[in-house]
Amino acid sequence: MMAEFDYSQAISEVRSQYDSIALALDEDRLKSQIRDLGVEASQPGLWDDPENAQKVTGLLAATQTQVRHLDSLRQRIDDVQVLVELGREESDSDALSEAQTEITGIHGDLEDLEIQTLLDGEYDARSAVV
């Protein structure tokens, strides 16, 4: 017989993994960078220097995407925790099975983000080439 899946341990692990990635990315710095780039992108004459304008708007878009991705992962972790609690209360094996699948998916997405974070330079708008 298979060992029972430890939901609490698995959620704790993905939350810890998320926290270390969010710390490495410095979400507050990213949000500050978005504000600064937003101001820069809204300046009249930005497109007088198309190369700089593309750099600014590209970095702004990439940083916004990174913050949205972090927000989405945090929400998924919170949601799966609620799903587990409801599944346990209702003895709903389908909900618990769905939660286990989602935890596995979150873990994979966090690993991808962790690798991306390690490969990309802190201020590098381009993806690393391996």
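1. Let's start with helices α2 and α3: their crossing is left-handed, a label used when the near helix is turned anticlockwise from the far one by less than a right angle (clockwise would be right-handed). Their axes come within 9 Å and cross at roughly 145°. Axes here are lines fitted to C-alpha atoms, for helices over the stretch in contact, with angles from 0 to 180 degrees between N-to-C directions. Helix α2 covers residues 27–41 and α3 residues 50–89; helices are DSSP runs (H or I, at least four residues) numbered from the N terminus.

2. A word on the model: it is predicted, so local features need pLDDT of at least 70 and side-chain atom pairs pLDDT 80 or more, while totals for chains, interfaces and linings use all residues. Numbering runs from 1 along each chain as its sequence is written, and side-chain values use heavy atoms, leaving out hydrogens and water.

3. Who makes the contact (heavy atoms within 4.5 Å) between these two helices? Among them are Leu30, Ile34 and Leu37 of α2, and Val56, Leu59 and Leu70 of α3. The contact residues divide into nine nonpolar, six polar and five charged; Ala, Val, Leu, Ile, Met, Phe, Trp, Tyr, Cys and Pro count as nonpolar, Asp, Glu, Lys and Arg as charged, and the others, Gly among them, as polar.

4. Now for the salt bridges, of which the structure holds six; each is a side-chain nitrogen of Lys or Arg within 4 Å of a carboxyl oxygen of Asp or Glu. Lysine 31 pairs with glutamate 27, their closest N and O atoms being 3.7 Å apart. The two sit four residues apart in helix α2, which puts about one helical turn between them. Lysine 31 is partly exposed at 34% relative accessibility, whereas glutamate 27 is buried at 12% (buried is under 20% relative accessible area, exposed over 50%, partly exposed in between, with a 1.4 Å probe and protein chains only).

Technical notes: Contact = heavy atoms within 4.5 Å.
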